[in-house]
Structure formats: C-alpha cells, structure tokens
Amino acid sequence: MMRMQTIYRCLVLLVFIICLTGCWDSIEMEDRAFVMASGFDLTEDGQVEATLQIALPTGLSIAMQGGGATKEPFVVVTDKGREGTDILQHLQEMISRRVFLGHRGVIIFGEAYAREGIDEILDTFLRSPESRYTTFILTAKGVTAKEILNTPHQFLEEIPALGLKKKQQIGISLAVKLNEFLDAIASDGKSPMTGVIQVLEKKADQKIFKLGEAAVYQDNKLVGFLPEEEMKTLFMLRGEAENQNLTAQVKPIEEGFKGTMGVRVLRSKSTIDIQIKDEIPEIMITLEARVVVLENDSKLDLSKEKKLKEAESKFNEQVDQRFVSMLEHIQKEFKADVFGFGNEVHIKHPEYWKMNKDKWKKIYPKIPISTRVDITIIGIGRAQAPPHLEK
Amino acid sequence: MKISGIQIFWMIAAMELGMTLLMTMTSSLQAAKQDAWISMIIAGGIALFIAFVATQLAVLYPNQTLVQFTETILGKWIGKFVIVIYMVQWYTIIPIILRQFTDLIELLLLPSTPRAPIVILMVLLVVYVTYAGGIDGIGRCSEVLGPIIIVMVLLVLFFSLNNITFKQILPVYRDHGIMPIFNGALAPASYLGHAVEFVMLAAFMDNPSKGSRYVYWGVLIANVLVVLSTAMVVLTIGINLLPTMWYPFFEMTRQISIFAFIENLDAIAIVIWISSVFIKLAIYMFITCYGTAQFLKIKNWRMLIWFVAPFVTILAIIPRNVTQSTTHYLLNYWVPVVLPINMIGIPLLLLIISKIQKRRKRANLN
C-alpha cells in the first residue's frame, strides 16, 4: 500500500514537472512586436496596403537620453496584399518578432480605402482573439494612413499612436471604439461613423495631427465628412456635448465689437418624439443644453435678464441652423443614419419596425424632421460686461 | 463520507453558475435576442421545479442514492434500465464539458498547445480530488471556490456598469412574443437543472430533509446571477453583434475599461470558468464512479476511476470541431432528451410511483 502511494505521488510530481518546463505557447516579451496602431490604404492597383506602427521598448530609453542619433522609439512596416491574413503574413515576414495586436490603440482607414469599402479586414477585428474592442477607429482625410503612421512624435508622447489614443480618450473630438463601429455596421437601424484625422503642417518638418470632424459611413463604405460645427450638434443630439464650445453671432458687427459670444456646454440632452403618419415616421427633436459663457465680444450686458435671453435666442437660432444643416447632410446627402433613428423607431414602434426594417435605407432620407433648440445660459463667468463696453 | 448542507449549496451554485454563464447564453440570445434575460427567469423557474421534484424524491429514501432507490421503486429490471439512461447522461456530459473547456482555453490562451495535455491535466486534477477527497473533499473545494466564483462574477458585472447603453435592452418583449422567449429558456434550464444530481448526493447528508433548502438557494443564487449577467451582456454589447459571438460573457469582460487603467480583465472570466468546470467535473466524476459501482455491486468505487477517467479523456479528444461538441450535443441530446426525461420526467415518475407505493403500504398496514 505504501509502495503504491509513493509510486503514485512520484508519477504526479513527474507530470507536473514536465508541464512546468514551459508551454507550447509561451512567447517571451523580447520576441514580441507590440503593434500600437494599424493603418489601411488602397493602392493604385486595388490592393490593400497595411501599415503597422510598432513600439520599440528599448528605443524608448534611447530617445529619452537624447544625445547622438535621434532615433524614433517606433518602427513602421508596410506591405500590400489581397486581404487581411495575406497582408499579416507579409508583414510578419518583415519583422524579427511576432506581431502582437493586443495593445493596438488606434486603427486608421485611409480615405481612398474607406470609400472603396473596408470589408476585407473587417471580419478579422471580430474573430481574432487578439483584437481588442477598446481600439479607436479613425478615418484619414487628405492624407494616407501610411503617412500618418510614419509621422514622428508629437509634443508630449514618445509614440505617436499612444498620443492618438490619448487624444481620443479625452473625448472632445468624436472617438468611436471598435465595438461601437462594428455594432453600427451590424445594425439595421444605424450607420457607422468614425473620427477624422488630418495633418496640419505648421512648419516644414513639424506636423500636427488634427482631430475634429466626423467621417460618415454607409454599410462599410465611407460616404462623406461632417464639418466640425455640425459635428457639435450631433454631439448634442447624442447627449454627449459636455466640454464642447459653441460660438454664435449674437449681435451684428459694430465699431469695436465683433458681436460674437462663446460658450461651453455643461450638459446636453435631446428628446426625440416619433409618430407614424402615412407609413412614414415623423420625427420631432428637441435639443437642450446648459452652457456657461466663456467669452463675450458684444455690447450685451449679460447681467441683465433681457440681454441674457436675447443671447440665448440668438444661440438657439444659429445652433438650430447648423443642426438642420447637419441633418440634411446625413439624411439627404449621405443617406446614412449615423445617429440611429432606425433604432429609435425600433424601440418606440416595434411593430412598424418589424415590417419596414428592410426598407429603412429608402425610408430614411424621406423622413420629415422638425427641430427645436433650447439653450440655457446658467453662468456668465467672473465678469458682467466686456471691459471695452462703454457705460 | 459526509457532506453538510452548506456544501451542497456551494456545490450546486458553483457548478451551475460558471457553465450556464459561458455556455448557454448564446442560444438564448439567438432565440430571444434582447429579451434573453426573461428567458433566464423562466429557466430559473423550470430549474426550481426540477429541484423541488429531486429534493422531494431524495427525502423519501434517505441514505440511498438514485441507483439504489430506483430499483426499490421500479423493480430490478426496469430500475436497471432507468439507471442506464442516467449513466448515458453522466458518461457523456463529462467528455463534452472537458471538450468545451479545452476549446475555450485553446481559443483564448494557448492556441498552439495540443488538446491532449490540457484535457489530461484537468482530468488528473479531477481524479485526484475524487480519489483522495471523495464527495466531502469536493464539497470542501466548493466551499472555497464557490465564493470566489460569485465575487468574480459580481466584479465583472460591477465594472461593466459604465459600458451600459440602456436603450439596447429595449423594446422589451414586444419584438418577439412568448414563444421565442420560451425557446430561449430551454438551454439554460437544462444547465441549471443539474440540481437533479442531488438525488445522488443526498445520501451523504446527515439530514437530507434539511437539504432541500440548500438546493433551492443554490439554484436561486445561480439563476439570479445569470439573469443579471444576461441583462448586462445585452446592455453592454447589444444584440447586433451578440448572436454571432461564441462567448458573450467573456466578450463583455474584455470591454471593461475603468479610467483607461483597469482593462483587459480576461483573467477574471477565466478563473470563473475554470473553477466552475472543475467543480462540475469533480461532482460528475464522483457520481459516475460511485453510481456505476452501486449499479454493478462493486464495493470499492474508487477502482472505477481507473476506468472512467481514461474513457472520458479519449471521448473528449474525439469530436472534430467546436460545433460538434457544443451545438450538436446541446441541441440534439441535452435539451430534447435530458431535460424532459432525466431531469423532469423520470424523477417525477419515480416520485409519483413511490408516493403511491407508500400510501398502499400504509393502507395495507391499517
């Protein structure tokens, strides 16, 4: 009996020892290439060109020491191929370490590629276990993804991709994560959109990334861009407009005054009412926002109630104009339901939605939408009237 | 070997929670979409009924397991036939769970590792606890792992709160009507109905009549957490992407991001999964060995481990892909056969027959 027990225990120990010598699957840190960002562009012959920006852990300390060669702490590889798996193999063949996508912060679609349709690589995002939903998606405007990923470091971040990711996390510009993007693509009642990245050249060798517009997609193709001012009204519609700044012309231009006023949004809300009339939904939207005044270059003395109301009504008017213009863009020009009015119809009128969801793309551009904007100024800062206002 | 009521509670809660969460959500979501959480409530109701029948039955024959009292109720040959039906269930569920476990590990953690070592390692672990600990060893393991599982599930749910879009669970009910919701309840009911194994475990309790309370609580706690998790999964991921995902709970865990700092919490879900699988496999391994021993009138049930373990290991490696092991088994055997027959039908039948027999005996004595 004792013999049996001892033999048994030795066997168990042996099994454990064999297993502890190392798994089939472990890859050392030094053998991994950490991809911080991927970019996808269209080549002239219609192939997909993928670019990876890979962080160099050792490169970070070299760059910080400064001195001699200004080596960038990242490396960029590019290659083209037919579709995702094809390209991935090509790229892996160029690097001495295993490509690891788990830390990828940003995916950039080049404008030409996005307009063509991004389906080749779309499925890999969902299926591959390494892919993270917290990755942000951006569309490049006026520049290819490859150029963006090759641009050296911005002001405070060593690795540009990390800088991009942080900018998106701050959230002032439209930041769409992979899961939101995929969800909109998979949804009948919503169209996807992403933030837009552009490159400004301040000086010859110093380039800065600018985020701020929105890229509107229909299914998996890019159909257009929304300018920044209209994008802000979309934020208000989504109830996400905190920290956005709005400006309006509250008074005509006069001697010494431009007549503009700038406010910052504290809270925003939208109320959407949908009625079905003659087989088509009719939508009534009310945008509400509570704002504080940041800057006043007009003769309005905001300590007086009447003047405050005057400013508010001017804001309502002008924001409403931009709102209507935005709606026209997304509804009539792009025909893309980026807000998700389809989803709203689904929730409020499920029976109608069940019957009509296949026709939603045709119905959506025809829907009459009436709007109302209600902005309340709840704070005017430390001063009452501008310093250059004569009493 | 004696087990206490609390151990019963933890055993049932632990084995039901992890498996139901990770395995059955997909079929409910495909059937009932955003109303899947209602399906889960219905599933809980069905499972509580199963628990009721099982505890009532077990109480009538304290100190006897299902194998023993079935022969008493139905006679030798019919009784043996009924036991064989249960044996089919036990002998096949172990390899299937092993296979599902291995598939998940392979997908998420160790893609190039061959399947056999993963299966063998888990089997060795289960064999060890069954051999050295018996059912009370397993009970004690559940007392330790059970609270860990529950805490981990609650953590995941709590951290996912800021990923919620409330609208995604709307419209409630109006999209579907009762039939799809009920269809979605069947698969989770069949997993929560594992409480029926109480008919094998009750014999080891000091006071089986008190045991029913613990069984109900085990099923209830597991069910509440599953309902919450299903609702959370719909609220965070949304029904557009969900039906195509194999492991929704896991995907929700991957999306957790607090202050952009606490991220990539896959490890928590893995812990829940492995602990729950371990407890379930251990319980079933014990039941299979002990039950087969009683059936064949073998004294030393531990000897059967040397037969059952290799058998299930080999069976676990055979199916060729994940569709075979998960979907086919679930849809073609477990839900249509095991749920109505093994979990509901036979226990109910046994209960009714034995109540009639007891009444007749009393009448005869009078």
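Student: What makes up the area buried between chain B and chain A in this predicted model?

Tutor: The buried area is about 2,700 Å², and carbon and sulfur atoms give 54% of that value. On the side of chain B, N240(B), L241(B) and R254(B) supply 22% of the area buried against chain A, more than any other three residues.

Student: Which residues count as part of this contact, and how many does each chain give?

Tutor: Chain B gives 32 residues and chain A gives 25 residues. They count because contact requires heavy atoms within 4.5 Å.

Student: How many salt bridges and polar contacts cross the interface of chain B and chain A?

Tutor: The rule finds 0 salt bridges there, whereas 2 residue pairs are in polar contact, both at pLDDT 80 or more. Helix α5(B) contributes 5 residues, the largest share of the side of chain B that touches chain A. The residues of that side divide into 16 nonpolar, 9 polar and 7 charged.

Student: Why is the aromatic pair of F34(A) and F100(A) called edge-to-face?

Tutor: The centres of F34(A) and F100(A) are 5.9 Å apart, and a pair requires centres within 6.5 Å. The angle between the planes is 90 degrees; planes over 60 degrees apart count as edge-to-face, so the name applies.

Student: What makes this a link between distant parts of the chain?

Tutor: F34(A) lies in strand β1 (residues 32-42) and F100(A) in strand β4 (residues 98-100) of chain A, 66 residues apart. Both F34(A) and F100(A) are buried, so each has under 20% relative accessible area.

Student: Which residues do ring pairs link into a cluster?

Tutor: The cluster consists of F40(A), F109(A), Y113(A), F181(A) and Y217(A). Over all chains, the structure holds 23 aromatic pairs.

Definitions and conventions: Residues are numbered from 1 along each chain as its sequence is written. Chains are lettered from A and ligands numbered from 1 in the order in which they are written. This is a predicted model: local features need pLDDT of at least 70, side-chain atom pairs count only at pLDDT 80 or more; totals for chains, interfaces and linings use all residues. Side-chain values use heavy atoms; hydrogens and water are left out. Buried area is the accessible area (1.4 Å probe) that two parts lose on being put together, summed over both. A salt bridge is a side-chain nitrogen of Lys or Arg within 4 Å of a carboxyl oxygen of Asp or Glu. A polar contact is a pair of N or O atoms within 3.5 Å; within protein, one must be able to donate a hydrogen and the other to accept it, and residues adjacent in sequence count only if both atoms are side-chain atoms. Helices (H or I, at least four residues) and strands (E, at least two) are DSSP runs, numbered from the N terminus. Ala, Val, Leu, Ile, Met, Phe, Trp, Tyr, Cys and Pro count as nonpolar, Asp, Glu, Lys and Arg as charged, and the others, Gly among them, as polar. Rings of Phe, Tyr and Trp (its six-membered ring) pair if their centres lie within 6.5 Å; planes under 30 degrees apart count as stacked, over 60 as edge-to-face and the rest as tilted. Buried means under 20% relative accessible area, exposed over 50%, partly exposed in between (1.4 Å probe, protein chains only).
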